[in-house]
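Trainee: Could we go through this one together? I'd like to start with the ligand and then move on to the rest.

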Amino acid sequence: MNTPNYSLKAVEEFHSRFQKTPRVYRSPGRINLIGEHIDYNNGWVMPAGIDKETTFCFLENGTDSFRIYSINQQEQVSFMLENYNSITTSWAKFIIGVIDEFLKKGATIPGFDAVLEGNVPFGSGLSSSASLECAVAFGLNDQFNLGFSRIELAQLSQAAENNYVGVNCGIMDQFASVFSKENHVFKLDCDTLTFEYFPCDLGQYTLILANSLVHHSLADSEYNTRRLECESALQKLGKGKKINFRDLKKENLEEYRKHLTPIEFNRIQFVLEEIERVHDAASALQNQDFHKLGKLLYGSHNGLQHLYEVSCSELDFMVDFARNFEGILGSRMMGGGFGGCTINLIEESRSEDFIKELSEAYQTKFGIQPEFYPVKIGEGSSKVELESL
Ligand code: GLA
């Protein structure tokens, strides 16, 4: 295993601020190969952690106060357990949310000082927030011997985001951040939380993220609306019985139509088709059928664009560009949508040209210089042993 990346700067900052050596934990952001907007719909997803992450350095301070400094925001937040509810600083909510969830479960969290730094681009659909929550949850659990399992830490971090930050997200991002394994994606059953790792061996192909650098403000509200639309459709189809997507069949779609509004029907159609694509993608990956995998990525984007309606013109432009670029097998928007990244399956030898040409075209069309990241799949949440580095 490679030594995980971590922010040495955060350790140095901790030294100079608090004159002590901290404990250091880190947890990654994530990609999702396929299975978008499926986690909260009880289906399957195929995420992996990446080589961009949040480093959380901290140490008990022997008091009942907390001092947390963010290098990215260049800001320190201080609070006590009696008054943490009054903190409104947005980045601090991710940490306080995690502390709050631990306390709700009866854990004791002593006062600590902390410094954090992350290099997961914000608002890019790469889950900088999950990487922060999971670094904090994993660190506090390990250091204070709180006894939570990795699954519980992922759930607790998700709850922090749902309850404290206010985004009704599913479990995928936190699960990926905690459970990632180098060079593997995993197929996660979001209903049972069982999962299987698949080597992400792509032969002559590779994955490249293209960051549109836009993040439309309706992302959070539309996300919550999509959840409600799916819930309302399930309620209607259940006719008084509580059902989930596992009770529905793609073959019966036409029969469902008459019970639903046209919008609900589209949402349901997308979810059932995307779930099927995840299973097909797992087989394609296992059989090294990359052309098939690429087609599934395009299919996913079509559904997200036209049926689930969570794409935007910038992402559609990038995917359309990919469709016409020789050497690309598949491309789609990734994450919650309304901005962020596309994920592209491309012949390695064509990567440089793709980056250059899409940069030019995107810049001409939108006046924005996009960013590109080759995907490197890294390890999930861990402690960094400073002595051994
Ligand atoms: C966001 C959420 C996830 C998931 C994706 C869409 O990243 O946090 O839970 O729903 O969107 O797949």
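Trainee: Which residues surround the ligand?

Mentor: Bearing in mind that this is a predicted model, the ligand is surrounded by Arg30, Glu36, His37, Asp39, Tyr40, Cys169, Gly170, Met172, Asp173, Tyr223, Gly335 and Gly336. By residue class, this shell divides into four nonpolar, four polar and four charged residues.

Trainee: And what lies 2.5 Å from an oxygen atom of the ligand?

Mentor: A polar side-chain atom of Glu36 lies at 2.5 Å from a ligand oxygen, and an N or O atom in the side chain of Tyr223 is also 2.5 Å from an oxygen atom of the ligand. His37 takes part through its backbone, where a polar atom is 2.7 Å from a ligand oxygen.

Trainee: How much of the ligand does the protein bury?

Mentor: The ligand taken alone exposes 300 Å², and the protein buries 92% of that area. As for its site, the ligand sits in the largest pocket.

Trainee: Switching topic, how is the protein divided into domains?

Mentor: There are domain 1, covering 5-199 + 383-388, and domain 2, covering 205-374. Their centres, taken over C-alpha atoms, are separated by 26 Å, and 35 residues of domain 1 are in contact with 41 residues of domain 2.

Trainee: Back to the ligand, then: where does it lie relative to those two domains?

Mentor: The ligand lies between them, because domain 1 and domain 2 both give residues to the shell around it.

Note on methods:
Residues numbered from 1 in each chain as written. Predicted model: local features only at pLDDT ≥ 70, side-chain atom pairs only at ≥ 80, totals over all residues. Heavy atoms only, no water. Near = heavy atom within 4 Å. Polar contact = N/O pair within 3.5 Å; in protein donor to acceptor, adjacent residues only side chain to side chain. Areas by Shrake-Rupley, 256 points an atom, 1.4 Å probe, with all protein chains shown as cover. 1 Å grid on protein atoms, 1.4 Å probe; cavity = no way out; pocket = protein on both sides within 12 Å on 5 of 7 lines; lining within 4 Å. Sits in = over half its atoms within 2 Å of the grid points. Nonpolar A, V, L, I, M, F, W, Y, C, P; charged D, E, K, R; others polar. Domains from an automatic or database assignment. Contact = heavy atoms within 4.5 Å.
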